[in-house]
Amino acid sequence: MSTETMSLYIEGLSKELPSNSNKMAQFQEVMRQQLESSMHAELEKLVGTAKGAEAKVSKKDFEGFRKLFHRFLQVKGPSVEWSKINRPPEDSIQPYDKIKAKGLPHYIADSLNKLVVVKLNGGLGTSMGCKGPKSLISVRNENTFLDLTVQQIEHLNKTYNADVPLVLMNSFNTDEDTKKILQKYTHHRVKIHTFNQSRYPRINKESLLPVAKDMAMTGENADVWYPPGHGDIYASFYNSGLLERLIAEGKEYIFVSNIDNLGATVDLYILNHLVSQPNGKRCEFIMEVTDKTRADVKGGTLIQYDGKLRLLEIAQVPKAHVDEFKSVTKFKIFNTNNLWISLSAIKRLQEQNAMDMEIIVNPKTLDGDLNVIQLETAVGAAIKCFDNALGINVPRSRFLPVKTTSDLLLVMSNLYSLEAGSLTMSERREFPTTPHVKLGSSFTKVQEYLTRFESIPDMLELDHLTVSGDVTFGKHVSLKVRARNKF
């Protein structure tokens, strides 16, 4: 029985028993217990088909899944009451310029030695027509996302004689291919660690039971598993033992970001702000936010709710208030998913079972028109659980995601210069913003996109580019603002 079916059944029953609200609540509780019991039995059957180490890992994964499923069944209505939403207090979102104005102490290398860089590396390149992990797509001068990340950290370690390690959170989709490629970085001055996020079963929307019949991941089972969103980082990191190991090595903070955000480099000013706080007011969580434009209206924003700083995502917004949420005047900032988090705080919250993140119910349709749901969480949603959490309003340059070939064209062009793995806007660009580029469906896949450019155009003076239809670009093309450039 699906949640919709269950609620309709309960609604019908309540009409028959209008005066007996206690019985109604009891009935709902019995239904929930039955669903949990059925789910538990199915998960036990699945674990029974695993062998050796896989059985141990799966058991751990399913513990997390059961908690998530339990919370999913408890949810009643929207996770926020719109009337209780307030703008964050002024001092809870600091302007980056104020942080930068403090300057850097001479001992910044000591601060770097307390830092770990974590990249979210669970995604595939399928949306851009590529096989394998997205981090292995070439984005600039034959360098992949992963190459650029390693170069950035190695440059830091060499410049400051520091030991900043790189940690990759892989998924079962990316782990094998990523580990093969890591051998090429053996002689780089960067220690690289990996851990895997959980593997959860997709749920049949009607029965609310797993679609999988065993732990296999091929054949009929190819589409029945999923990695449960980047909010899984806390449990998976803790369960891997790596978090404990890094704390023992004297590490205090992680800088977490999506591996496809080329603007997410280690910022020494933010790091210094973190480590220089007095002990009683140690900031355990910093979220980098940036000013919202019309292109970012769906991005999550920071609010004050029940006295805590909280991330509000569009999925949590009641339908009647969606337009208000998208307003760039009321909600002026959005989450870049560049996060600085205390390792000891993660450990404490995991051990207290106090990590509370809103559940994202993501519907999917599998082959044979089978409707399923997958339960996910977002890493930034945990901000409300940490002490003295803070937002920092950073320059737009720290948010440079490559989600499409339109984004890829920007980062491959002369708009940016590349140095030590970091992209910076060319000084020859007269405008502070990047052009708006929209390539048509003929450019969706990376290979098709590459065949349509004999060379990447000069885009220094470009403001807007829209391409539709069967278009190719020759050599030495310049795209300029005055033409509005529609093809």
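This is a predicted model: local features need pLDDT of at least 70, side-chain atom pairs count only at pLDDT 80 or more; totals for chains, interfaces and linings use all residues.
**Domains**

I began with the domain assignment, which divides the protein chain into domain 1 (1-74), domain 2 (82-398) and domain 3 (405-467). For domain 2 and domain 3 I noted that their C-alpha centres lie 26 Å apart, and that 15 residues of domain 2 are in contact with 15 residues of domain 3.

**Nonpolar cores**

I then turned to the largest nonpolar core, which has 62 residues and in which Leu112, Leu262, Val266 and Trp340 have the most contacts. Helix H6 (residues 145-160) supplies the largest share of this core, namely six residues. Because domain 2 (82-398) and domain 3 (405-467) both contribute residues, this core lies between them.

How do helix H8 and helix H12 pack, and at what angle? I found that H8 (residues 233-240) and H12 (residues 343-351) pack at about 95 degrees, with their axes 10 Å apart. An angle from 65 to 115 degrees counts as roughly perpendicular, and H8 and H12 are therefore described as roughly perpendicular to each other.

On the H8 side I listed Tyr234, Ala235, Phe237 and Tyr238 as making the contact, and on the H12 side Leu343, Ile346, Lys347, Gln350 and Glu351. By residue class, the contact of H8 with H12 divides into six nonpolar residues, one polar and two charged.

For helix H13 (residues 405-412) I looked at burial, and seven of its eight residues are buried, so H13 is largely enclosed by the rest of the structure. The buried residues of H13 are Thr405, Ser406, Asp407, Leu408, Leu409, Leu410 and Val411.

I placed Asp369 in the loop between strand S15 (360-366) and strand S16 (370-376). Is Asp369 buried or exposed? With a relative accessible area of 65%, Asp369 is exposed, since the cut-off for that class is over 50%. I also checked Asp369 against Glu288, and the two are 81 residues apart in sequence and 40 Å apart in space, C-alpha to C-alpha.

Thr377 sits in the loop between S16 and strand S17 (390-393), and at 8% relative accessibility Thr377 counts as buried. Which residues is Thr377 in contact with, leaving aside its neighbours within four places in sequence? I noted Leu68, Pro228, Gly229, His230, Gly231, Asp232, Met357, Glu358 and Ile360 as the residues in contact with Thr377.

I placed Asn388 in the loop between S16 and S17, where at 41% relative accessibility Asn388 counts as partly exposed.

Technical notes
Residues are numbered from 1 along each chain as its sequence is written. Side-chain values use heavy atoms; hydrogens and water are left out. A nonpolar core is a set of buried Ala, Val, Leu, Ile, Met, Phe, Trp, Tyr and Cys residues joined through side-chain atoms within 4.5 Å. Buried means under 20% relative accessible area, exposed over 50%, partly exposed in between (1.4 Å probe, protein chains only). Helices (H or I, at least four residues) and strands (E, at least two) are DSSP runs, numbered from the N terminus. Domain bounds come from an automatic or database domain assignment. Axes are lines fitted to C-alpha atoms, for helices over the stretch in contact, and angles run from 0 to 180 degrees between N-to-C directions. Angles under 35 degrees count as roughly parallel, over 145 as roughly antiparallel, 65 to 115 as roughly perpendicular and the rest as oblique. Contact means heavy atoms within 4.5 Å. Ala, Val, Leu, Ile, Met, Phe, Trp, Tyr, Cys and Pro count as nonpolar, Asp, Glu, Lys and Arg as charged, and the others, Gly among them, as polar.
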